[in-house]
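Here are my notes for you on this one. Have the model open while you read, and take the points in order.

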Amino acid sequence: MHLTKEEERILNGEAGETLRKALEILTALGDIYGADRLIPIKSAQIAGVSYKTIGDAGLEWISDLEGKVKVPSILNPAGMDLERWDRLDISPDFAEKQKEIVKAYKKLGVSCECTCTPYTLEGFSVSYGDHLAWSESSAVSYANSVLGARTNREGGPSALSAALLGKTANYGFHLDENRVPTVSITVECSLNRSDYGALGYVAGKLVGSRVPLLHLQNTPKTDELKALGAAMAASGAVALYHVEGVTPDACRQDFEPPEEKIIIEKSQLDEVYERHCGAGREPELITVGCPHCSAAELKEAAGLLKGKTVSKEIWVFTSRELANRFPEYMETIEKSGAKVVCDTCMVVSPATNRYSCVMVNSGKAFAYVPGMCGAETVFGSMEACIEEALGGKERKEKKEMEEEKWENKRPEKEKKEGGSH
Ligand code: F3S
């Protein structure tokens with residue numbers, strides 16, 4: 001890989017140990033993937049924030065670094081709500097370590113808004129063709145596919161290295177030739193909003209890390225594309241997809257039709273909705289907001305919860321910036337007993353680990369929660385999730401009433417003898 005004089009100087013340690021290490025990481029990756037040079041980036045999004053995933057070794061690595069990032073840089077979700085962490089029973093020890101991690105990133109100049117949807121934040125703009133170094137898989141997918149920017153799926157250390165240098169190695173999705181579709185997917189049914197997460201879950205498993213070109217009967221909105229990409233990146237490893245007539249690359253370029261063709265039918269999506277908690281159990285926890293809820297999704301959740309009271313634990317994940325920008329939605333959601341949780345999510349927080357069955361409206365959470373949190377998952381739309389949170393109590397009361405009715409009808413003699421059917 002060609003290095004400029006300045007980059008060679010950095011690699012020789014003349015600009016300090018932190019930048020030397022950062023450049024060493026980027027050149028190692030560049031050499032493995034055949035990059036010709038380093039290219040400037042517009043922004044970085046850095047994963048490896050939750051103490052649950054990086055532990056003490058990660059904390060130590062970040063704390064040893066010095067200097068400041070050279071481009072706008074933002075963090076992925078942490079392991080807890082940084083302000084109201086005690087609401088989800090996070091232990092004080094965990095909270096202490098998590099705060100240290102965030103402080104270490106802050107010292108490097110990284111913005112400590114912890115979100116996987118940085119593209120929804122004011123002042124963190126991304127334009128078509130921008131080169132980025134982002135790491136969270138759904139954010140990478142959204143940046144590449146929906147915004148037409150260019151980023152590989154960086155690991156935490158390589159994204160942080162890129163942030164410190166303002167550059168990344170020129171390979172993978174930064175290059176035109178790796179952005180053409182290699183498999184086509186035709187979806188043979190029309191889709192409602194929640195179907196995009198289910199479709200992504202099914203499609204990701206079928207295409208792995210290839211670049212699919214999807215032919216859909218509907219025109220998806222941005223939140224639906226967000227859900228689709230997040231799920232394909234989780235059940236598979238899709239970092240870039242195109243939707244015919246919708247996504248920017250597909251609209252600007254005349255792609256050769258890929259040779260390999262896949263058809264997805266409605267019955268395959270139905271199977272995602274059909275998974276239940278084992279042994280006749282019900283979900284104990286309901287979570288929405290993977291990826292973090294947009295303003296429209298918060299509005300929808302608030303509308304569904306308005307004037308009602310939930311009877312099951314339900315967590316609504318979003319970025320702190322959006323929570324602050326829309327206090328009216330937050331108030332309505334929280335009035336119902338649901339919890340709005342910022343800076344974290346159901347996957348990277350240890351809070352989910354104490355539940356055995358979790359209901360989600362996200363194909364990504366559906367794929368990740370079992371492995372990362374040890375809980376079964378069931379999938380449903382936002383409406384179905386909120387209905388479950390509201391209805392669990394009603395169902396229990398109805399069952400108790402029926403039992404009481406039946407008990408009252410039993411002959412007195414049978415009751416005294418303690419007999420039953
Ligand atoms: Fe974001 Fe966590 Fe889902 S990082 S995409 S909410 S798993």
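1. A residue counts as near a molecule if one of its heavy atoms lies within 4 Å of it. By that rule, the ligand here is surrounded by Pro77, Cys116, Glu136, Ser138, Gly289, Cys290, Pro291, Cys345, Val347 and Lys364.

2. Before you go on: this is a predicted model, where local features need pLDDT of at least 70, side-chain atom pairs count only at pLDDT 80 or more, and totals for chains, interfaces and linings use all residues. Numbering starts from 1 along each chain as its sequence is written, and side-chain values use heavy atoms, with hydrogens and water left out.

3. What is the shell around the ligand made of? It splits into 6 nonpolar, 2 polar and 2 charged residues (Ala, Val, Leu, Ile, Met, Phe, Trp, Tyr, Cys and Pro are nonpolar, Asp, Glu, Lys and Arg charged, the others, Gly among them, polar). Strand S11 (residues 285–293) gives the largest share, 3 residues; strands are DSSP runs of E, at least two residues, and helices runs of H or I, at least four, numbered from the N terminus.

4. Now have a look at Glu331, in helix H13 (residues 327–335). Is Glu331 buried or exposed? Its relative accessible area is 53%, so Glu331 is exposed (over 50%; buried is under 20%, partly exposed in between, with a 1.4 Å probe and protein chains only). Glu331 and Lys306 sit 25 residues apart in sequence and 9.6 Å apart in space, C-alpha to C-alpha.

5. Zooming out, 55% of the chain's 421 residues count as buried. The chain has 16 helices and 15 strands.
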